[in-house]
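Here are some friendly notes to read beside the model. Take the points in order, and keep the 3D view open as you go.

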Amino acid sequence: MNHPTVENAWQRLRRYTAARIALGRSGESLPTKHYLDFQLAHALARDAVHTELDVATLAAEIEALGLETVTVRNAARDRGQYLLRPDLGRRLDDASRTRLSAAVRAPENRLVIVLAGGLSAAAVQRHAVPVLQLAIPRMSAYTVAPVAIAELGRVALGDDIAQALGAEAVMVLIGERPGLSAPDSLGIYFTYRPRVGSTDAERNCISNVRPEGLSYQSAATELISLLNASRRAGLSGVGLKALGFAALPGDR
């Protein structure tokens, strides 16, 4: 039996958000169009989790910015174990840790940047380089160590990498868990004086970086403000947030 579509009275509000609101109904269910849109969004989110990061292409793009790169692996043996064991995604495998620890750790290498596929490789592939293009020239407070690229990795993998390199701070650009309206959202996590075991309370996060969310320019500006304020205050995380880092004097 065909049911007429009943429009929702709040439909005009949909122009302000990508959230699934005011979809109306057909009988006791969603209209077919919105049901199919939901199925497509769900499929895109699943694809985002399972798509592999093109490490070689990403490394070439980073090196084109004048930065060195190093490829690392987490402790999970494959993608399946990585998804089931988040703890392994937070640790380097033994070979990567040995290689990083043996590297020359010049004292000027104060900031290490980590690019990790996380749960959306597409987010890193599409958005990491445009953000870095805008941010790197303005990172006067830090000298950037070689950029570490991990096909798979959780946020805390950056702590292990930074500790192995003896870095003063770490910035992790990672694919966030895909949502049903944002399968390619990039998150940027910053930790001052990172170590294995650093908690989320010691980090600052800039999230939803993508053209439909927080713009590249806005993300880069917020990131530079965060880096400079952290260096002056000597901390990151909730302590820095309590100081109101955006209001601290300094180059934005």
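1. Start with a salt bridge, that is, a side-chain nitrogen of Lys or Arg within 4 Å of a carboxyl oxygen of Asp or Glu. R110 forms one with E168, and their closest N and O atoms are 3.4 Å apart. This pair links distant parts of the chain: R110 sits in the loop between α5 and β4, E168 sits in the loop between α7 (157-165) and β6, and 58 residues separate them. Helices (H or I, at least four residues) and strands (E, at least two) are DSSP runs, numbered from the N terminus.

2. A word on what you are looking at: this is a predicted model, in which local features need pLDDT of at least 70 and side-chain atom pairs count only at pLDDT 80 or more, while totals for chains, interfaces and linings use all residues. Residues are numbered from 1 along each chain as its sequence is written, and side-chain values use heavy atoms, leaving out hydrogens and water.

3. Are the two partners buried or exposed? Buried means under 20% relative accessible area, exposed means over 50%, and partly exposed is in between (1.4 Å probe, protein chains only). R110 is partly exposed because its relative accessibility is 33%. E168 has a relative accessible area of 12%, so E168 is buried.

4. Now follow the chain into strand β6 (residues 169-175), where seven of the seven residues are buried. Both faces of β6 are covered: A169, M171, L173 and G175 are buried on one side, and V170, V172 and I174 are buried on the other.

5. Which strands pair with β6? Two strands pair if DSSP finds at least two bridges between them. Strand β4 (residues 111-116) runs parallel to β6, joined to it by six bridges. Strand β7 (residues 186-192) pairs with β6 in the antiparallel sense over seven bridges.

6. D94 counts as exposed because its relative accessibility is 60%, whereas R97, with a relative accessible area of 26%, is partly exposed.

7. One more salt bridge to find joins the side chains of R195 and E202 (2.7 Å, N to O). R195 is at 37% relative accessibility, so R195 counts as partly exposed. Salt bridges that share partners also join D94, R97 and D160 into one network. The count for the model comes to 13 salt bridges.

8. W10, L13 and Y16 make a nonpolar patch of about 400 Å²; patches are made of residues with over 30% relative accessible area and no salt bridge, with like charges joined within 9 Å and nonpolar side chains (Val, Leu, Ile, Met, Phe, Trp, Tyr) within 5 Å. Y16 lies in the loop between β1 (5-6) and β2 (25-26), and Y16 counts as exposed because its relative accessibility is 63%.

9. Finally, zoom out. The chain has nine helices and eight strands, and of its 252 residues, 45% count as buried. Its C-alpha trace spans about 70 × 45 × 35 Å along its principal axes.

Conventions. Accessible areas come from the Shrake-Rupley method with a 1.4 Å probe; for residues, only the protein chains shown count as cover.
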